[in-house]
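The following questions and answers concern a single protein model. Please consult the sequence and the coordinates alongside each answer.

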Amino acid sequence: MAGMEENPLDLLPEVLLAASAVGGLLLGCWLPRARQWPVAALGYGAAAAGIVAAALQPPGPAFGGAFVVDDVTSASRIIVLGGLLVVLALGVRPLAGHPRQSEYAVLLQLASLGALLLAGSADLLLLAAAYLLASVPSYVLAGFGKDAAGTEAAMKYYVVGALLGIVMLGGITLLYAAARGVGYPALRAELPGGPLALATVGVVAVTAGLLFKAGGVPGHFWVPDAVQGSAAPVAAFLTTVPKVAALAALYRLGAEAVAGAEVPWAALVAVVSAASMTLGNLAAFFQQDVRRLLAYSTISQVGYLLLPVAVVGRTGLAQPALLFYLAAYALTNLGAFAVVCAVPGRRTIDAYRGLGRRSPALVGALAVCLLGLVGTPPTAVFLGKVTAFSAAVDGGFAWLAVVAAANTVASLFYYLRWIAPTVATFRGPGPAGAAGAAGLVRPAAVTAYAAAAGSVALGLVGGPVLALLEGS
């Protein structure tokens, strides 16, 4: 213990978020139930300060190497905290005056805190604790509305999470038995000489738990129902923030824990990648509910994001490709959900008919985000996919890049199915007219405009950003 580095400043973004969550919980007990907005404001401040701290903090191990501050951790911190800021903004209007507004903001911060710890974990026990911290508040958020759909969403989310959480804990036990340690340096040193079958089963089980948080096959079953049944800002959070952290954790597991072992890590992740992108796209083809369509879209996006994870250690393009793609995906996906939040009365694709005549700027933002998710230039996801495909080819998985390219072309179909009615002429009364009477939710609309513009801007300056990531 004497040799451990226990400087709390190494976890400054996490400490700020934890302090804000605890402070917000206490503050909410004293504020009038109809005026809880200072709790959200406290969360804004903690997230913004955490982004600055993450950008300035030097790399190095923390707390005996259980947590690592490096490029992956720093980028994940910035993306997660930026996503938290966006989701807090999306909840401004729907939660205004809500008697449990403070609990909503605190739950978002606690789930984000778990995501931050998940991204920087270099110890299996800390990984398990972070998994629980990221999961439990998310279960509550899914059922926050206390309606039938939200309750069903929370229950399905919880059941799948509990099952795969137990599987993950079993995998940690097997890896401890195989390597006689839980730290990633110990695993890297001992797994190559340990029992291969034990190590393989353990790695598969831990990977399954992280894939639940990422929303990828085989832990994807909760995604459509949780996204459809929960509030739109919560759905935006669940499909973005935990996914970023889980993919960063998967990357670190492959780069630091199983590197050098005979465990078929690359083949495992490649198969999961192909399955996730293919299943997500096929299931999204004929969806009518826009939230369910976006849910399956996020499953397919996991498949593309796993491309650089599959080739970790095989090419130097893997890390910059993953980090850039994570930032591009988070920004673009949040922009699409911001449009959904801006017109809450429109739940189906047909309900968006004629929206272009009422709000052309919002439809423009929607088109940019949806075509961005396809990978259309000059959006950021386009460059993210190009670098991810290049990493796969450079790492010896050209077949996986071909599968990803075919899935990208196929995904254009269901995104265009959503865009087409928005520019069509509105004919007579119906769900679109009823929804249009309520007007736009302005904070969400502004967020959608900013996210769409940010996606294009990040795509235009992607070259220098990638150069920075490759050189760091």
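Q: Leaving aside its neighbours within four places in sequence, with which residues is Ser76 in contact?
A: The model is a predicted one. Contact here requires heavy atoms within 4.5 Å. With neighbours within four places in sequence left aside, the residues in contact with Ser76 are Ala119, Val244 and Ala248.

Q: Is Ser76 buried or exposed?
A: Ser76 lies in helix α3, which spans residues 71–90. Its relative accessible area is 1%, and the cut-off for a buried residue is under 20%. Ser76 is therefore buried.

Q: How are α1 and α2 oriented to each other, roughly parallel or roughly antiparallel?
A: Helix α1 covers residues 12–30 and helix α2 residues 37–56, and their axes are 8 Å apart. The two helices pack at an angle of about 175 degrees, and angles over 145 count as roughly antiparallel. The orientation of α1 and α2 is therefore roughly antiparallel.

Q: How do the residues of the contact of α1 with α2 divide into nonpolar, polar and charged?
A: On the α1 side the contact includes Leu12, Pro13, Leu16 and Gly23, and on the α2 side it includes Pro38, Val39, Ala46 and Gly50. Gly counts as polar in this division. The residues of the contact comprise 12 nonpolar, 6 polar and no charged.

Q: Which residues does Gly462 touch, not counting residues up to four places away in sequence?
A: Gly462 is placed in helix α21, residues 462–471. With a relative accessible area of 0%, Gly462 is buried. Not counting residues up to four places away in sequence, Gly462 touches Phe324 and Leu383.

Q: How far apart in space are Gly462 and Leu26, C-alpha to C-alpha?
A: In sequence, Gly462 and Leu26 are 436 residues apart. In space, their C-alpha to C-alpha separation is 42 Å.

Q: How many disulfides does the count come to?
A: A disulfide requires a pair of cysteine sulfur atoms within 2.5 Å. For Cys369, which is in no disulfide, the nearest cysteine sulfur is that of Cys341, 12 Å away. The count of disulfides comes to 0.

Q: Does Cys369 count as buried or exposed?
A: Cys29, at 59% relative accessibility, counts as exposed, since the cut-off for exposed is over 50%. Cys369 has 0% relative accessibility and therefore counts as buried.

Notes. Residues numbered from 1 in each chain as written. Predicted model: local features only at pLDDT ≥ 70, side-chain atom pairs only at ≥ 80, totals over all residues. Heavy atoms only, no water. Axes fitted to C-alpha atoms, helices over the stretch in contact; angles between N-to-C directions. Helix = DSSP H or I, 4+ residues; strand = E, 2+ residues; numbered from the N terminus. Parallel < 35°, antiparallel > 145°, perpendicular 65-115°, else oblique. Buried < 20%, exposed > 50% of the residue type's maximum accessible area, 1.4 Å probe, protein only.
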